[in-house]
Amino acid sequence: MVNRRHIRSKVLQAIYAMTQNQSDQLDVYEKYLFNSIENIRELYLLMLSSMIELQKVEKDFLEASAKKYLATPEERNPNTKFVDNTFLKILVESESLNNWIDELRINQFRVNDHYIKSLLEEIKETDLYKKYMSNRVNNFEEDKEFAIKLFAEFVAPSEKIYEFLEDLKISWIDDIPVVNTAILKQLEGLKSETSYLKINKIFKDDDDREFAKQLFRKTALNADVFVKEYEDKTRNWDLERIAEVDAIILNLAVCELQKFPSIPVKVTINEYLELAKEYSTPKSSIFINGILDALVKEYKQENKLNKIGRGLIE
């Protein structure tokens, strides 16, 4: 689920926390790093559960309306197209999803159902919902298209849900786009009513997990050494005045250039320039790009780029 860029951002955050606390407890902050990444699973399951809860809230509402003493004919015989959505049924009946939800006690939207009820009220006023409910026939392709638009256009971008998630766990702020993108891709991959919902792994493979560990450890343990690599290239910049985040980003980039022979130079530079744009000052990416460009030229001249494979140095 998490890609290398997101892993880099998590390592950046862990080293920043370690630096802010002036700590040398490597094991403590490595645990912090992996806990932060593993917590993404809870967010992923919670966002999937939001779709189940939307359908459940509507089902409960229709059942309660039908039982009213003075129920109208429409309330006694409601349009159940949404609650019978065949695509959402895959989520509702997924044994693996329900087992994970039970194991991690994912019930935040159930306990705080006013978020779901409020969102459902908004959805029911939209043309998307009204068009979908204009007939009572469930068709898998139509059900799928509606459910995916429901998530992409209302659940994922909901400011109320975003604020709720932020209050639950501050580390989720950067994870929400990654999780929502993964869910949309996964939903798109469900092709029929008999499709199996496979719960995504946090790391794509063991190599990515090891990358996170080694990038954190090697950067943290060699920070003083890495600083010396670029301190003479800061020109008029006083090292002590360089933004702390910029210094960490530079150290991470130098670490990759020196210690990760299978990662192309261009990939390293591009990835950390993007992190600088996201986490540091407006001018940071220009500053970091200048230093890394000078450093790479020097490494090439001195034959210090020990990259393995064709095209990895360029």
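Visitor: By class, what residues does the lining of the second largest pocket have?
Guide: Five nonpolar, three polar and five charged. Nonpolar means Ala, Val, Leu, Ile, Met, Phe, Trp, Tyr, Cys or Pro; charged means Asp, Glu, Lys or Arg; the others, Gly among them, are polar. This is a predicted model, with local features needing pLDDT of at least 70, side-chain atom pairs 80 or more, and totals for chains, interfaces and linings using all residues. Numbering starts from 1 along each chain as its sequence is written, and side-chain values use heavy atoms, without hydrogens or water.

Visitor: How much space lies in that second largest pocket?
Guide: About 330 Å³, as filled by probe spheres on the grid points. A pocket is an open set of points on a 1 Å grid where a 1.4 Å probe fits, with protein on both sides within 12 Å along at least five of seven lines; lining residues have an atom within 4 Å of a point.

Visitor: Which residues are closest to its centre?
Guide: Glu58, Leu62, Glu74, Pro78 and Asn79, out of 13 lining residues.

Visitor: Which element gives the most to that lining?
Guide: H2, with four residues. Helix H2 (26–66) and helix H3 (73–76) each give two or more. Helices are DSSP H or I runs of at least four residues.

Visitor: New topic. How do the axes of H15 and H16 cross?
Guide: At roughly 160°, coming within 8 Å. So H15 is roughly antiparallel to H16 (over 145 degrees).

Visitor: Which residues of H15 meet H16?
Guide: Val265, Ile269, Leu273, Ala276 and Lys277. Their partners in H16 include Ile288 and Leu292. Contact means heavy atoms within 4.5 Å. Overall, seven residues of this contact are nonpolar, three polar and one charged.

Technical notes. Axes fitted to C-alpha atoms, helices over the stretch in contact; angles between N-to-C directions. Parallel < 35°, antiparallel > 145°, perpendicular 65-115°, else oblique.
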